[in-house]
Amino acid sequence: MSKDHEYQPLSNDTRELLDEADVDAPSLQPTGIRKFSAWIMHHALAVLLVIETMALVVLVTVLLRRPSQADGGMPLGSQKVLYSPALSAVENEVKVYHLGFPGDLSPFQIPSSPELDLMWSDLYNFGVSRITKEEAARLPNKTHAIPGDPGHYIAELDVFHNLHCLNKVRMALDPDYYPDWRISTSNNHISAQKHATEHISHCIDWLRQSIMCHVDTSVIVWQWDSKANESRVKGNVAHTCRKFDKITEWAKERVLVNTYDPTVRIEDDIVIPVLHQEIS
Ligand SMILES: *[C@@H]1O[C@H](CO)[C@@H](O)[C@H](O)[C@H]1NC(C)=O
Ligand SMILES: *[C@@H]1O[C@H](CO)[C@@H](O)[C@H](O)[C@H]1NC(C)=O
């Protein structure tokens, strides 16, 4: 039912009747009948108004109650999404991941090499962006203006930081190839590798929090395997994914135009709005 239809205060028929009743021009009907129909009309209007009001109250109540847990839906407030200037670039798609075992390896499953390094850095080396002041003002956290780029502020989408982190973890797993990323292990404390060890620890924990934050609810299944004569877990299932290409496009359109100089302080008049604002 359309809102227009639902809220239409008076049907056209009623309006016509009322107009007729209000008309001063002499009517062919006898006065008594005219008075009676006017009385009916006024009361019909009152009854209509009462019904309208009740309908409105019921509607508002239903609308307010709809997102509550009692109705088996989402708890109130669970749909809040913080503003990000990249939300406009978010599009979903269905994807089946590479299983990652022989027979279904991804292009990223090759030995450490300049080629592999390039593939990884191509995923995020454009990740630091320049956003407008209007966008910066809507962020849930303050960010700094870019010196020499008036009206623009520095920002990085966390997806690119996540990928950077995973790449560092990958490198730490092959310390013979990436000696800078060798970390201390249980039986081998290397004080010279304090930076790498702390950085990798940060990255693993950041990725843990990111995975828990984004809670992928795609479903892994079990299917019967007649060869093995048992049901086997199947990873090649459908996932709802945000289109990574759309987000890289967004970031590539906003790469910094000059080298960011973090030593320059720029004051601004941006007042960050209260957290948990709902995007509209
Ligand atoms: C960002 O905002 C959150 C929520 O208000 C706050 O807890 C956090 O400390 C802020 N961080 C920075 C760097 O501004
Ligand atoms: C599969 O298992 C069932 C029950 O254990 C057995 O009866 C059957 O012979 C097995 N089939 C094959 C092909 O191994």
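How many bridges join strand S4 to S5, and in which direction do the two strands run? In this predicted model, strand S4, which spans residues 221-225, is joined to S5 by five bridges, and the two strands run antiparallel. One of the pairings is that of Gln 223, whose bridge partner in S5 is Arg 232. The strands form a hairpin with four residues between them, and in this hairpin Asn 229 takes a positive phi near 60°. Strand S5 itself comprises residues 230-234, and because the number of its five residues that are buried is zero, the strand lies largely in the open.

Buried residues account for 9% of the 280 residues in the protein chain. Among the contacts in the chain with a separation of 6 or more, 58% are made by residues 24 or more positions apart.

Helix H7, which covers residues 194-214, has 21 residues and reaches 30 Å from its first C-alpha to its last, close to the 30 Å expected at 1.5 Å a residue. The number of buried residues among the 21 of H7 is two, so this helix lies largely in the open. Just after H7, Val 215 takes a positive phi of about 35°.

Helix H7 also packs against helix H6 (residues 158-172), and the axes of the two helices come within 9 Å and cross at roughly 130°. The two helices are therefore oblique to each other, and their crossing is left-handed. On the side of H6, the contact is made by Asn 162, Cys 165, Leu 166, Lys 168, Val 169 and Ala 172, while the residues contributed by H7 include Ala 196, His 199, Ile 200, Cys 203 and Trp 206.

A further site of interest is Gly 127, which lies in the loop between helix H4 (114-124) and strand S2 (128-132). Gly 127 is counted as buried because 21 other C-beta atoms lie within 10 Å, where the cut-off for a buried residue is 20 or more. When its neighbours within four places in sequence are left aside, Gly 127 is in contact with Glu 156, Leu 157, Phe 160, His 161 and Ala 251. The C-alpha atom of Gly 127 is separated by 9.9 Å from that of Ile 247, although the two residues are 120 residues apart along the chain.

Notes:
Residues numbered from 1 in each chain as written. Chains lettered and ligands numbered in written order. Predicted model: local features only at pLDDT ≥ 70, side-chain atom pairs only at ≥ 80, totals over all residues. Buried ≥ 20, exposed ≤ 12 C-beta atoms within 10 Å, placed from the backbone. Contact = placed C-beta atoms within 7 Å. Pairing = 2+ DSSP bridges. Expected span 1.5 Å × (residues − 1). Axes fitted to C-alpha atoms, helices over the stretch in contact; angles between N-to-C directions. Parallel < 35°, antiparallel > 145°, perpendicular 65-115°, else oblique. Left-handed = near helix turned anticlockwise from the far one by under 90°.
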